[in-house]
Amino acid sequence: MEYNLNLPASKEEIKKLKIRDIIYVTGKIFTARDEAHHMMLEKDEIPFNPSEMALFHCGPLMKKDNSKWQVVSAGPTTSSRMEIFEDKFLERFGTNIIIGKGGMGDKTEKALQQFTGVYTAYAGGAGALAADKVEEVLGVYWLEELGMPEAAWIFKVKEFGPLVVAIDSHGGSIYKELKKQLKA
Amino acid sequence: MNFEDIENGIVELIRKAETDLPKDVIDSLKKAYEIEEGVAKTQIDAILTNIDLAKKSKRPMCQDTGIQTFFVTIGIDFPHIDKLKEIILNGVKKATKEIPLRPNTVDPFTGENHKDNTGFQIPYVTWEFSDGSDVKITAFPKGGGSENMSKLGMLKPGVGIDGAKDFVVEEMIKAAGNPCPPTVVGVGIGGGADLAMKLGKKALLRPVGERNTDKTIAKIEEELIKRINKSGIGPMGLGGKTTVLDVHIEKAHRHPASLPVGIAVQCWADRRAHMIIHSDGTWEVK
């Protein structure tokens, strides 16, 4: 099935999603890699509201034109690096859509079931394609401390996708299925 | 000689590598598109659209513009060998601003980003010498996601080449979707630990579809392609027929007690571009 979702997605909308569905999202998304995950979990207060956005595992390539930031290329980064943070991250920040690549492990899978979320895969390296779906750069946090790839960037996106639902909120995971197949 | 002009040549070399994928890779991805279906087809479709878009808009195809890596063969009669290192360094700094490239060099101790894609030992350049007066440079920007799947196996010689083959297949199955498949896998067999890794990396410079000239090795390459693709990992690890576009093997003689196997992995963005600098300072990028 294919769905267009406006962010934030409701619990009902997330529950509808099954692995191998394709979604396109419209609304706000924020980027966070290893360092931003670590920092956000350590801070008492966050200067933006992650619960109304999708989380994008991405270290974008940005440029500043006339004091305004623009996205040059922004595909997903390898999600498995964030596995050590993600269950705590989902619990604390209430984000219910993750966009990444390569898949995540058991802990995230359980957290997605518990807090009703999905992990979606975007074609890794398709950075120019992704950049064209970003309508506006709404802000950036911790750019000085973390540098361009690791900072938290807030993007306004339109029909961002195609995103393949790879882990759903019912315990389904394409990666787990493939592993089982490989053992068989 | 106009060194600044040659620096601009380095910028064009990097731009070519970052925005325009070699034809051998695109052809191979198109073949993958033909045989894949469902989710796997959507991934190859996004990749091909992205490649097209990047080329037309002269933008880096992937936001991970890599660690700037160069393989340089210096003709010993080139008159300004002493300037080459500086030219490459300045070219990388310029390219970072002009193309632009993502600042990708981080101090491992302080975590500080150097912001211009240079730093200690980086850009990473392999220097070799040849006869003649031309300098040949291959730009090979290397992404982190695929680099993280590199492996070195110091196998026991008793396991033989079959053991080496199994090691490559098992490691690529473990890597699954992480290195952005369909990948190109470079394997160095023999030498010591560092040489095996180096040969693996150098094997990636070979165009997709080109077999090792040694027929025995060529056959093993074909066998490994089949075995890894049979895993069903597929594009982006979401299931499918194409996990690798190619496997390239290079060899070196080994110590009787060692069987080193170095695996270097390149994502589908198998970015390579070439430049020739002539002895009069003129240059071409292709």
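Colleague: Which side chain meets that of B:R271 in a salt bridge?

Modeller: Please keep in mind that this is a predicted model. A salt bridge is assigned when a side-chain nitrogen of Lys or Arg lies within 4 Å of a carboxyl oxygen of Asp or Glu. Here the partner of B:R271 is B:E18, at 3.3 Å from N to O. The pair links distant parts of the chain, 253 residues apart: B:R271 is in the loop between strand 7 (259-266) and strand 8 (273-277) of chain B, and B:E18 is in helix 1 (residues 3-19) of chain B.

Colleague: Are B:R271 and B:E18 buried or exposed?

Modeller: A residue is called buried when its relative accessible area is under 20%. Both B:R271 and B:E18 are buried.

Colleague: Which residue pairs with B:E171 in a salt bridge?

Modeller: The side chain of B:E171 meets that of B:K151, with 3.4 Å from N to O. Because B:E171 belongs to helix 6 (residues 160-175) of chain B and B:K151 to strand 4 (residues 151-155) of chain B, the pair ties together parts that are 20 residues apart in sequence. B:E171 is buried, at a relative accessible area of 9%, whereas B:K151 is partly exposed, at 36%. There is also a network in which salt bridges with shared partners join B:D162, B:K165, B:D166, B:E223 and B:R227.

Colleague: How many salt bridges are found over all chains?

Modeller: The search of the whole structure gives 33. One of the salt bridges is formed by the side chains of B:K115 and A:E144, at 4.0 Å from N to O. B:K115 lies in the loop between helix 4 (84-98) and strand 2 (124-130) of chain B, and A:E144 in helix 6 (residues 143-150) of chain A, so this pair joins two chains. Both residues, B:K115 and A:E144, are exposed.

Colleague: How many helices and strands does chain B have?

Modeller: Chain B has eight helices and nine strands. Its radius of gyration is 19 Å, close to the 19 Å that the globule rule gives for 286 residues, so chain B is as compact as a globular protein of that length. The C-alpha trace of chain B spans about 55 × 50 × 40 Å along its principal axes.

Colleague: What percentage of the residues in chain B is buried?

Modeller: Buried residues account for 57% of the 286 in chain B. Of the contacts in chain B between residues at least 6 apart in sequence, 80% join residues at least 24 apart.

Methods:
Residues numbered from 1 in each chain as written. Chains lettered and ligands numbered in written order. Predicted model: local features only at pLDDT ≥ 70, side-chain atom pairs only at ≥ 80, totals over all residues. Heavy atoms only, no water. Helix = DSSP H or I, 4+ residues; strand = E, 2+ residues; numbered from the N terminus. Rg over C-alpha atoms; globule rule 2.2 N^0.38 Å. Buried < 20%, exposed > 50% of the residue type's maximum accessible area, 1.4 Å probe, protein only. Contact = heavy atoms within 4.5 Å.
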